[in-house]
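Visitor: I am new to this structure and would like to learn how to read it. Could we go through a few features one by one?

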Amino acid sequence: MTAFTLARLRLQLTAWYVATLVAILVLLGGGLFVAIRGQLASQLDRSLADATTEVARAARTRESEAATARGQVVDAVEELRIPERMLYLLDANGAPVVPKSAPDWVREAATLAVRNGVAQLTYDSDTDRTLRLRAERFMLANGTPMIAVATADEVELEDRYASLIAAFGAAAAMALLLVAAGGWFLVRKSTRPVEESMDRMRRFMADAAHELRTPITVLRSRADVTLQQPREPAELVASLRAMDAESRRLGRIVDDLLTLARADAGERSIERRRVSLDDIALDAADAARAMADAKGVSMQMSGFEEAWVDGDSALLRQLLMILLDNAVKFTPPGGTVTLAVGVRTGRPTVEVKDTGVGISATELSHIFDRFYRGDPARARGTEPSDQNGGAGLGLSIAKWIAEAHGAEIRSESAPGEGTQLTVVFPPSDGRTNASELSAS
């Protein structure tokens with residue numbers, strides 16, 4: 001996956017976030033609009049019902065005043081005013097009483113109200129206006145049926161809809177901007193581990209190819225030189241031995257790469273048993289003593305105590321062998337490598353300390369990185385025999401083994417003062433049954 005592909009993936013994920021929010025806002029906005037529209041329409045109908053009630057009350061007042069007054073009186077219906085409402089009073093035949101004339105559609109609504117008691121209609125006028133009407137039948141004190149009509153222009157609802165849509169649209173636009181910005185930030189943050197993993201993979205492949213190319217080139221060169229002309233048996237043996245050494249180094253690199261690849265893929269299972277860490281350390285020290293003696297390095301034991309851990313004995317031995325081999329490799333002849341095992345503050349602990357060349361502070365934080373060998377002067381060890389050493393994968397494997405066992409590996413060093421590597425394990429829970437757990 002290239003950087004361009006990753007950038008396109010980020011854009012696609014952000015677009016999906018925005019599209020999902022748009023769909024949610026459309027559904028939410030549509031639902032809210034329908035619900036609020038129903039409420040506003042219901043409020044308008046209630047206001048028209050209140051208006052017809054007021055017309056009926058005014059008509060009864062008009063009747064009582066006309067019966068008791070001796071002169072001209074003010075018509076209560078004519079004087080009734082309700083803002084943004086048109087009011088009509090009609091008789092049972094649909095003839096307008098107040099005012100003296102009424103549109104045909106009002107009279108038709110009054111006729112319906114005579115039969116049904118109440119009529120509610122919507123009328124589209126010729127002027128592109130939509131009117132809402134309510135006609136209600138009532139009785140005067142003398143038993144005469146009358147019809148009260150109230151109308152309203154639905155532009156009132158449309159104005160409310162417009163303001164509602166404007167407010168919701170502004171909020172939705174702001175939300176989309178925030179989601180786009182936040183989504184892009186979250187996508188970048190969530191894909192950063194992928195990008196870092198890709199970078200590590202590219203570096204790992206490049207370093208692996210570089211490390212593998214060197215022994216392969218040496219093997220080809222020696223084979224070509226050996227085959228170019230007849231050789232004495234002693235010369236052939238020397239060439240074969242050199243080729244064997246390079247092939248062994250190539251095999252070690254391949255084995256280490258395979259171990260790390262399986263660890264990364266979670267394919268290397270760990271058989272957890274309650275094992276004696278001090279016994280494993282003694283076995284590893286005996287194996288490493290041969291290397292130390294051959295180089296003239298003293299192997300010492302210090303502070304050996306009984307310590308129990310839950311783990312894979314084979315992997316724990318490999319961990320200690322890596323630490324001891326690394327210590328011997330970077331300790332000059334006459335130096336000392338010290339191995340200590342015990343329980344420190346309730347936790348099983350292994351310490352490997354050498355009197356070697358040491359590591360600078362800037363390099364110390366990278367010694368567990370894959371293929372890292374630091375200063376070329378100390379990259380292969382202190383002796384010419386070390387020049388065909390590892391590829392800088394040993395401590396990476398050691399760190400993986402430690403972390404797979406829930407342990408913490410620490411390093412302390414200074415140039416010219418040697419190095420100390422400490423592995424602190426969690427205490428054993430005392431169980432002896434084996435369980436297969438995937439190493440991550």
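Guide: Let us begin with contact, which means heavy atoms within 4.5 Å. Please keep in mind that this is a predicted model.

Visitor: Which residues does Val 337 touch, not counting residues up to four places away in sequence?

Guide: With those neighbours set aside, Val 337 touches Val 297, Ser 298, Met 299, Gln 300, Leu 324, Ala 327, Val 328, Thr 331, Val 352, Lys 353 and Asp 354.

Visitor: How many residues are in the largest nonpolar core, and which touch the most other members?

Guide: A nonpolar core joins buried residues such as Val, Leu and Phe through side-chain atoms within 4.5 Å. The largest one here has 47 residues, and those that touch the most other members are Leu 323, Leu 324, Val 337, Val 350, Val 352, Val 423 and Phe 425. Among the elements that give two or more residues to this core are helix H5 (233-265), strand E9 (336-344) and strand E10 (347-354), while H7 gives the most, with 10 residues. Apart from this core lies another, of 20 residues, including Leu 44, Leu 87, Ala 150 and Ala 152.

Visitor: In what order do the strands of the open sheet run?

Guide: The 5 strands follow the order E2-E1-E5-E4-E3, with antiparallel pairing, and the edge strands, E2 (96-98) and E3 (118-124), each pair on one side only. Strand E1 (residues 86-91) pairs with strand E5 (residues 145-153) over 6 bridges, and the bridge partner of Tyr 88 in E5 is Val 149.

Visitor: Which helix lies across these strands?

Guide: Helix H3 (residues 104-116) lies across E1, E2, E3, E4 and E5, running at about 40° to E4.

Conventions: Residues numbered from 1 in each chain as written. Predicted model: local features only at pLDDT ≥ 70, side-chain atom pairs only at ≥ 80, totals over all residues. Heavy atoms only, no water. Pairing = 2+ DSSP bridges. Helix = DSSP H or I, 4+ residues; strand = E, 2+ residues; numbered from the N terminus. Axes fitted to C-alpha atoms, helices over the stretch in contact; angles between N-to-C directions. Buried < 20%, exposed > 50% of the residue type's maximum accessible area, 1.4 Å probe, protein only.
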